[in-house]
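Me: I have a structure open on my screen and I would like to learn how to read it. Could you take me through it feature by feature?

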Amino acid sequence: MAKITIPLGPQHPALKEPENFMLVLDGEQICDATVNLGYNHRGIEKAAENRNYIQDIYLLERICGICSHSHVSCYIGCVEEIAKVEVPQRAKAIRTLVAELERIHSHLLWLGVAAYEMGFETMFMYTWRDREQVLDCLEMLSGNRVHYGINTLGGVRRDINAQQAKEIIKKINYLEERTKYYVNLATEEPTVLARTQNVGKLPYKVALERNALGPTARASGVKMDVRKQEPYFIYDKLDFEMITYDSEDVFGRVVVRVLELVESYKIIKQVLSALPEGAISVKVPWKIPAGESVFRYEAPRGEDIHYVKSNGSEIPERVKVRAPTLSNFQSIPYMLKGDYLADVPITIAAIDPCMSCTDRAVVYDAKNGKTRTFDWEELRKYSIEFYKKKGVNFSTK
Amino acid sequence: MKIKEKIILWSRLKSPWILHFNTGACNGCDIEIVDALTPKYDVERFGLVLKATPRHADVLVVSGPVTRQQAKRLKRIYEQMPEPKFVLAVGACACSGGVFDGCYSVLGGLDKIIPVSAYIPGCPVRPEAIIDGVVKLIGALESGAKKEIEAK
Ligand code: SF4
């Protein structure tokens with residue numbers, strides 16, 4: 001049979017976000033796949049260089065609506081390190097609390113989407129209903145359901161009181177009950193098993209080679225979690241497990257995420273039971289001294305890295321974001337090869353792709369595949385020229 | 001009003017099918033749109049059903065600022081929809097470009113590319129706001145269609 005190539009996306013019912021896969025099919029089986037990105041590219045990094053440090057918090061929060069706290073915490077971590085600010089313990093605890101609530105919201109959301117891709121719509125509705133509980137907690141803490149804006153330079157914007165803490169514990173208890181049900185469902189339900197076991201295989205070695213991150217890597221048995229390896233906030237004082245699983249397939253990714261939910265509940269309870277007293281923020285000057293810094297953060301999808309370079313003014317000179325999905329995308333062609341067409345949506349969903357995170361600045365020369373080294377000035381000139389030809393001019397000087 | 005027209009209007013109002021398209025949103029609005037479809041908010045009680053292809057859809061729900069890459073795809077999807085068609089701009093980004101206004105790869109709000117029937121502001125929009133927008137759109141459709149038929 002002749003091989004045919006079909007496009008999947010950018011608008012496709014199985015994809016929630018614009019991205020494009022070119023699948024080479026031999027009958028029902030996939031023999032090759034390429035990933036095309038860039039549909040969601042907005043140019044946030046460039047925009048960040050034109051706004052001041054405070055405005056950037058709100059801009060970078062909007063990189064992604066699902067892991068907004070992750071990106072901001074990561075960016076703020078860099079800036080605070082450059083400015084040598086000592087963040088109060090209470091602020092760190094609140095940041096940890098929001099971070100874990102965000103992880104729960106993201107994992108529940110993912111569980112729903114994955115169930116939907118499997119054709120298990122009941123579970124999709126269940127998880128999204130339960131997810132509302134977390135969103136209520138976040139709204140109570142920060143005032144907004146999706147972009148919390150709880151972080152600010154030097155601490156957090158809002159304090160938490162005893163009544164709110166009680167309310168959160170109540171909701172977490174409810175979710176804990178529900179999660180038991182999901183654990184059973186994910187590990188025993190025949191539909192789920194049939195759709196996930198031995199699908200989208202990613203062996204340990206390949207996962208390392210292709211730099212898989214977060215739950216995708218942990219489901220292949222790779223022990224990596226920034227919260228353990230390089231603890232930030234107050235994670236070094238908390239007691240929780242790093243969840244890994246060695247089935248190396250989509251099933252493993254489901255198990256890892258569901259069990260991580262349980263760990264997150266544990267963390268939230270610990271944080272709330274020992275909330276340090278004191279101020280919630282310290283003053284940070286408008287102008288940040290010259291310097292540069294990198295911060296690693298364990299977002300729900302894996303390790304997020306931000307790099308900030310400052311030049312002594314109130315505007316950053318460079319902000320670079322490396323979102324986890326960009327890294328996880330390298331493994332997708334490998335996972336798809338040899339699988340059936342019907343398994344494509346669930347395999348793609350299993351890395352929990354987040355295009356809005358990824359599509360900020362992807363430059364890849366696919367035509368000749370060669371790498372060329374530019375120095376900084378050259379690269380800058382090249383890009384300005386390149387965009388001038390396309391009718392966009394952003395040479396400010 | 002003829003009986004045939006009555007039936008068409010009735011079916012159009014009782015069950016507008018929607019297509020969701022992301023033109024470069026941050027996901028915040030997208031998850032709120034899906035949220036509006038799930039049990040707590042449940043816009044399906046107004047007959048709204050999420051459809052997968054533009055050829056089946058009456059209402060195009062768009063979130064996000066229009067990026068350079070997505071502009072021509074958005075146009076094509078809009079053209080593929082059957083008449084009469086309606087467009088909902090969901091979120092500050094789709095209304096005006098939002099925080100991304102001025103970014104080099106963002107063209108701006110949705111109305112720069114295709115005509116928009118209703119704007120729902122918010123960053124992100126709350127599911128309640130989406131429901132409100134949908135109900136208002138249905139109301140406007142009803143009065144508009146009735147006037148048109150009477151004028152004939
Ligand atoms: S309006 Fe806000 S939440 Fe919605 S897509 Fe734009 S930035 Fe995201």
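Reply: Let us begin with one word: a residue is near a molecule or strand if one of its heavy atoms lies within 4 Å of it. The ligand here lies between chains A and B. This is a predicted model, where local features need pLDDT of at least 70, side-chain atom pairs count only at pLDDT 80 or more, and totals for chains, interfaces and linings use all residues. Residues are numbered from 1 along each chain as its sequence is written, chains are lettered from A and ligands numbered from 1 in the order in which they are written, and side-chain values use heavy atoms, with hydrogens and water left out.

Me: Which of the 13 residues around the ligand come nearest?

Reply: They are B:Cys26, B:Cys29, B:Ala92, B:Cys93 and B:Cys123. The shell divides into eight nonpolar residues, four polar and one charged. In this count, Ala, Val, Leu, Ile, Met, Phe, Trp, Tyr, Cys and Pro are nonpolar, Asp, Glu, Lys and Arg are charged, and the others, Gly among them, are polar.

Me: Which helix supplies the largest share of the shell around the ligand?

Reply: Helices (H or I, at least four residues) and strands (E, at least two) are DSSP runs, numbered from the N terminus. Helix H4 of chain B gives the largest share, three residues. Helix H2 (28-37) and helix H4 (91-96) of chain B each supply at least two.

Me: How many helices and strands does chain A have?

Reply: Chain A comes to 16 helices and eight strands.

Me: And what share of chain A is buried?

Reply: Buried means under 20% relative accessible area, exposed over 50%, and partly exposed in between (1.4 Å probe, protein chains only). Of the 397 residues in chain A, 57% are buried.

Me: What is a nonpolar core?

Reply: In soluble globular proteins, nonpolar side chains tend to be buried together. A nonpolar core is a set of buried Ala, Val, Leu, Ile, Met, Phe, Trp, Tyr and Cys residues joined through side-chain atoms within 4.5 Å. The largest one has 96 residues, and among those touching the most other members are A:Tyr75, A:Leu97 and A:Ile160. Helix H4 (residues 89-118) of chain A contributes the largest share of this core, 16 residues. A second, separate core of 24 residues includes B:Ile33 and B:Val125.

Me: Is A:Arg218 buried or exposed?

Reply: A:Arg218 counts as buried because its relative accessibility is 0%. You will find A:Arg218 in helix H9 (residues 214-218) of chain A. Contact means heavy atoms within 4.5 Å. Leaving aside neighbours within four places in sequence, the contacts of A:Arg218 include A:Asp225, A:Glu260 and A:Glu298.

Me: Which peptide bonds are cis?

Reply: Most residues other than glycine have a negative phi, and most peptide bonds are trans. The bond from B:Glu83 to B:Pro84 is cis, with omega near -15°, and B:Pro84 sits in the loop between helix H3 (68-80) and strand S5 (86-90) of chain B. The bond from B:Cys123 to B:Pro124 is also cis, with omega near -10°.
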